[in-house]
Amino acid sequence: MQTNLPLLRVERLQGAHFGPVSLTLCAGECVAVQGPSGAGKTLLLRALADMDPARGGVWLAGMPRYEVPAPDWRRQVALLPAESHWWTDTVREHFTAAPREDLGALGFDNDVLNWPVSRLSSGERQRLAIVRLLAIKPRVLLLDEPTANLDADNARRAEVLIKTYVDRNQSAALWVTHDKRQSLRIARRVIGLANGCVIREFAA
């Protein structure tokens, strides 16, 4: 259930190659972001996650970002990049707890935690990266084309899992996608970017 609680507020956020951008995300809301390549979509997500320098204001549930240590902010406003990163040899080493329900929702059994990362296909890595992101319980999900490497069935599974998480936890998601049909499935609002700026916003 969506509420009117302003969870994330962004005012005139501007980096070297995007902005200024202003937007608001409410608890329980998923907003799609569209735009051509080079429009600034990834740069916007990275700036929101405090991974790249940017001017402007960002608040999480009324708390200004500058009052939150960067590692804590990145756990609460968490970025899933278009290409997931893996830094140790086995899948299990990337999880602090085994999220069995979420693994099952994306078509895995628990044995996948024992797999070497080198065994994973690009699609398997992306599905597991989604599970890994949700396992840290972020309040805001910044999703950079999270299903781009997935077939249609697995993309739908990921959509359902993410939307269920957002609704159940009253978190919010900013979801970059080039798929207009996906926007209609996942979001109630769509933000269009071009040349680093919001050029339109409309109901999905």
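Modeller: Two strands pair if DSSP finds at least two bridges between them. Helices (H or I, at least four residues) and strands (E, at least two) are DSSP runs, numbered from the N terminus. This is a predicted model, where local features need pLDDT of at least 70 and side-chain atom pairs count only at pLDDT 80 or more, while totals for chains, interfaces and linings use all residues. Residues are numbered from 1 along each chain as its sequence is written, and side-chain values use heavy atoms, with hydrogens and water left out.

Biologist: How do you know that β9 and β10 pair?

Modeller: Six bridges join β9 to β10 (residues 197-203), and the two run antiparallel. The definition asks for at least two, so they pair. One of the bridges links A194 to C197 in β10. The hairpin has two residues between the strands, and N195 takes a positive phi near 55° there.

Biologist: And what makes β3 a partner of β9?

Modeller: Four bridges, in the parallel sense, with β3 covering residues 29-34. V33 has I191 as its bridge partner in β9.

Biologist: Why is N154 called buried?

Modeller: Buried means under 20% relative accessible area (1.4 Å probe, protein chains only), with exposed over 50% and partly exposed in between. N154 has 13% relative accessibility, so it counts as buried. N154 sits in helix α5, residues 152-169. Beyond neighbours within four places in sequence, N154 is in contact (heavy atoms within 4.5 Å) with L106 and R127.

Biologist: What makes β9 mostly covered?

Modeller: Six of its six residues are buried. R189, I191 and L193 point one way, and V190, G192 and A194 the other way.
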